[in-house]
Amino acid sequence: MKHETVCGLDIGTTKTCAVVAVEGPNGLEIVGFGEAPSLGMRKGVVVDLEATIKSIEAATEKAERMAGVHVSEVFVGITGEHIRSTNNRAVVATISEDREVGSADVRRVVEASKIINLPADRQIIHALPRFFTVDGQEGVEDPVGMAGGRLEVDTHIVTGGTTFITNVLKCVHRAGLESAGLVFEPLASSAATLVPEEKQVGVVLLDIGGGTSDIAVYSLGSAIYTATVPVGGNILTNDVSLGLKTSLAEAEEVKKQFGAGIEDGAQTFTVRTLDGRTSKELTTQQLKAIVVPRVLETLRMAKQKIVENVPRDLVLGEVVLTGGGALLPGIAPIAEDVFGLPVRIGTPSGIGGLTDAITMPQFSTAIGLVMFAANGEYEPSEGARRGAGSLFAKIRKWLVELWN
Ligand SMILES: Nc1ncnc2c1ncn2[C@@H]1O[C@H](COP(=O)(O)OP(=O)(O)OP(=O)(O)O)[C@@H](O)[C@H]1O
Ligand SMILES: [Mg+2]
């Protein structure tokens, strides 16, 4: 029996990951995974086409070999400082004679919500329905079939700079792949790490990568704010290297091993000097003095964006940290202090075929890409939520509706 495959491609600042999943009898299952270092990306955007193409080819080939399938279409993660988000509302009159909301009305109203003031060099990546309002009745999740003459939708709109998007797509195409669609990375990470209850109560997802830290805030079940801050784990390694006067490679090592997690002065470690000839002994207290201020700064930048953009009366239940940066020893208590909320570290779950090696925060985006695409959680019409229709049909429909 032939299964439908869905593939994700996360071109991160430090690594590129390809995921191949199939819709099997027990739901979505990962059957292929490939990772390769990213050498052509900086802060989430392409700075070297050739290097990025090589990374994509290497990661995809590995995933293909493991899955035993040829990959031609991938859902591509996208991030960077060029991304902006906003919420919009649109209204249409339903067209059927019996005043019943049809899926065509839903499509029209979501389309109408995409009419925003957009400079020529920007394009819409997502128009995610948050809720519908039918004849004044708010908070409708799925309006199809309801009686009503006036249909409104509140959507979360994500836009990106066309140049940046085009460069990512150029690399994808030159690596021999078609793009099935773009997904703003924290939305993918959320699909892999958050559970519906968290999204309902209110949650902040923070994906701390190498070059960027991406934010997605959910409330009442849907995304209400998304953003990115141009700081991630790489700058921390840089700080450690400068502060301890050692190589980037050694700085990365000690950052990962001790981070901010060891009690002051409790432990010593040795690193080589910059010229590599001698070693010196340092304390974890010295390391912590370098790490903590940068981590605080990054988390405060994220919090600042949220405070400025998310309504104050909105209840937020917790913060979920993911991305490689979430592995920093001691980061959770620092984040709890900054946000004043409980913090957990998010790893991918809710999909079959997860092995220990990939159930790691740095793979949330890549794995989330296939989950986001397959879940159809954003799909504004009947079908997906009730599990009807094939995965492929759902994705096609989504593409037609949201990327045209
Ligand atoms: N155990 C660890 N402790 C601290 N930091 C870690 C650990 N493991 C990985 N990191 C850091 O995580 C970062 C890479 O994270 P990730 O793989 O999520 O980034 P990316 O997806 O390539 O980049 P981006 O999302 O910014 O484009 C690096 O800065 C790395 O140093
Ligand atoms: Mg990433």
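Mentor: In helix α10, the buried residues are Ser364, Thr365, Ala366, Ile367, Gly368, Leu369, Val370, Met371, Phe372, Ala373 and Ala374. The model is a predicted one. Buried here means under 20% relative accessible area. Helix α10 covers residues 364-375, and its first and last C-alpha atoms lie 15 Å apart, close to the 16 Å expected at 1.5 Å a residue.

Helix α6 can be set beside it. Helix α6 takes in residues 233-244, twelve in number, and spans 16 Å from first C-alpha to last, close to the expected 16 Å. Its buried residues are Gly233, Leu236, Thr237, Asp239, Val240, Ser241 and Leu244. An α-helix has 3.6 residues a turn, so residues three or four places apart point the same way. Among the elements covering the buried residues of α6 are the strands β12 (203-208), β15 (268-272) and β16 (279-283), together with the helices α7 (248-257) and α8 (284-309). Just beyond the end of α6 comes Lys245, with a positive phi of about 55°.

Next, the strands. Strand β11, residues 178-184, is mostly covered, with five of its seven residues buried. Six bridges link β11 to strand β6 (residues 73-78), and the two pair in the parallel sense. Within this pairing, Val183 of β11 has Gly77 opposite.

A separate topic is the open sheet of four strands, which has the order β7-β10-β8-β9 and antiparallel pairing. At its edges are β7 (84-93) and β9 (137-140), each of which pairs on one side only. On average, neighbouring strands of the sheet are turned by 35° against each other, direction ignored. Strand β8, residues 122-134, is joined to β9 by two bridges, and these strands run antiparallel. At one bridge, Val134 is partnered by Gln137 in β9. Helix α2, residues 103-113, packs on this sheet, where it touches β7, β8 and β10 (150-161). The direction of α2 makes about 135° with that of β7.

Note on methods:
Residues numbered from 1 in each chain as written. Chains lettered and ligands numbered in written order. Predicted model: local features only at pLDDT ≥ 70, side-chain atom pairs only at ≥ 80, totals over all residues. Heavy atoms only, no water. Buried < 20%, exposed > 50% of the residue type's maximum accessible area, 1.4 Å probe, protein only. Pairing = 2+ DSSP bridges. Axes fitted to C-alpha atoms, helices over the stretch in contact; angles between N-to-C directions. Contact = heavy atoms within 4.5 Å. Expected span 1.5 Å × (residues − 1).
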